Amino acid sequence: MHYSLLLCENRFHQEVTTAILAENLTPGVPKILEYVANNPGCNQNQIAKGCCINKASTAGILKRMGAAGLIEKQVPDGNRRSYHVYLSDQGKREYNKIKEIFKQVESLSLRGVSEDDLKTCIRVLNKIYDNLETGGINE
């Protein structure tokens, strides 16, 4: 099972990365754009957890995204240690490109897969994830 998951994730990632680089975006940016688009006003910790990347990497990516004009940071109630992240207009445009890339790669990936098989696959993957989240082998 682990090898099949690895192969699928790797090929999917290669397809997405090739298309993302053609749009002059760097790896890490697409998943953060997607997360922020679906969770406007989120903070850095939520982004890190939701995107499965460490906080230091998240901070660096957010800094670059801010410099590129893809996100806007708002400081709530003058608390400068915490800020809320939103997509800028440019970020929204880039996210729309990324959504299309994901749609194209998903379409390619799912050729010949029935709707029922896809639902079963998602259900099983979610169960596997839940199992791994609720108890690792070293716990």
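Here are a few questions and answers about this predicted model.

Q: What makes up the protein chain, in helices and strands?
A: The chain has six helices and two strands. Starting at the N terminus, the order is α-α-α-α-β-β-α-α. Its C-alpha atoms fill a box of roughly 50 × 40 × 25 Å along the principal axes.

Q: How many of the residues in the protein chain are buried, as a percentage?
A: Of the 139 residues, 24% are buried.

Q: Why is Asn24 called exposed?
A: Its relative accessibility is 71%. Exposed means over 50%, so Asn24 counts as exposed. You'll find Asn24 in the loop between α1 and α2.

Q: Why does Cys52 count as exposed?
A: Cys52 has 65% relative accessibility. The cut-off is over 50%, so Cys52 counts as exposed. Cys52 sits in the loop between α3 and α4 (55-67). Its phi is positive too, near 55°, and Cys52 is not a glycine either.

Q: Why is Leu125 called partly exposed?
A: Leu125 comes in at 36% relative accessibility. Buried would need under 20% and exposed over 50%; the value falls in between, so Leu125 counts as partly exposed. Leu125 belongs to helix α6, which covers residues 115-134.

Q: Which residues lie nearest the centre of the largest pocket?
A: Those are Cys8, Glu9, Phe12, Glu106 and Leu125, out of 38 residues that line the pocket. A lining residue has an atom within 4 Å of a pocket point. The space in this pocket is about 1700 Å³.

Q: Which helix gives the most to the lining of the largest pocket?
A: That's α1, with 13 residues. Helices α1 (2-22), α2 (29-38), α3 (44-51), α5 (89-109) and α6 each supply at least two.

Q: How do the residues of that lining divide into nonpolar, polar and charged?
A: There are 21 nonpolar, seven polar and ten charged residues in the lining. Cys, Phe and Leu count as nonpolar and Glu as charged.

Conventions: Residues are numbered from 1 along each chain as its sequence is written. This is a predicted model: local features need pLDDT of at least 70, side-chain atom pairs count only at pLDDT 80 or more; totals for chains, interfaces and linings use all residues. Side-chain values use heavy atoms; hydrogens and water are left out. Helices (H or I, at least four residues) and strands (E, at least two) are DSSP runs, numbered from the N terminus. Buried means under 20% relative accessible area, exposed over 50%, partly exposed in between (1.4 Å probe, protein chains only). On a 1 Å grid over the protein atoms alone, a cavity is a set of points where a 1.4 Å probe fits but cannot get out, and a pocket is an open set with protein on both sides within 12 Å along at least five of seven lines; lining residues have an atom within 4 Å of a point. Grid points are joined across faces, edges and corners, and a volume is the space filled by probe spheres set on the points.
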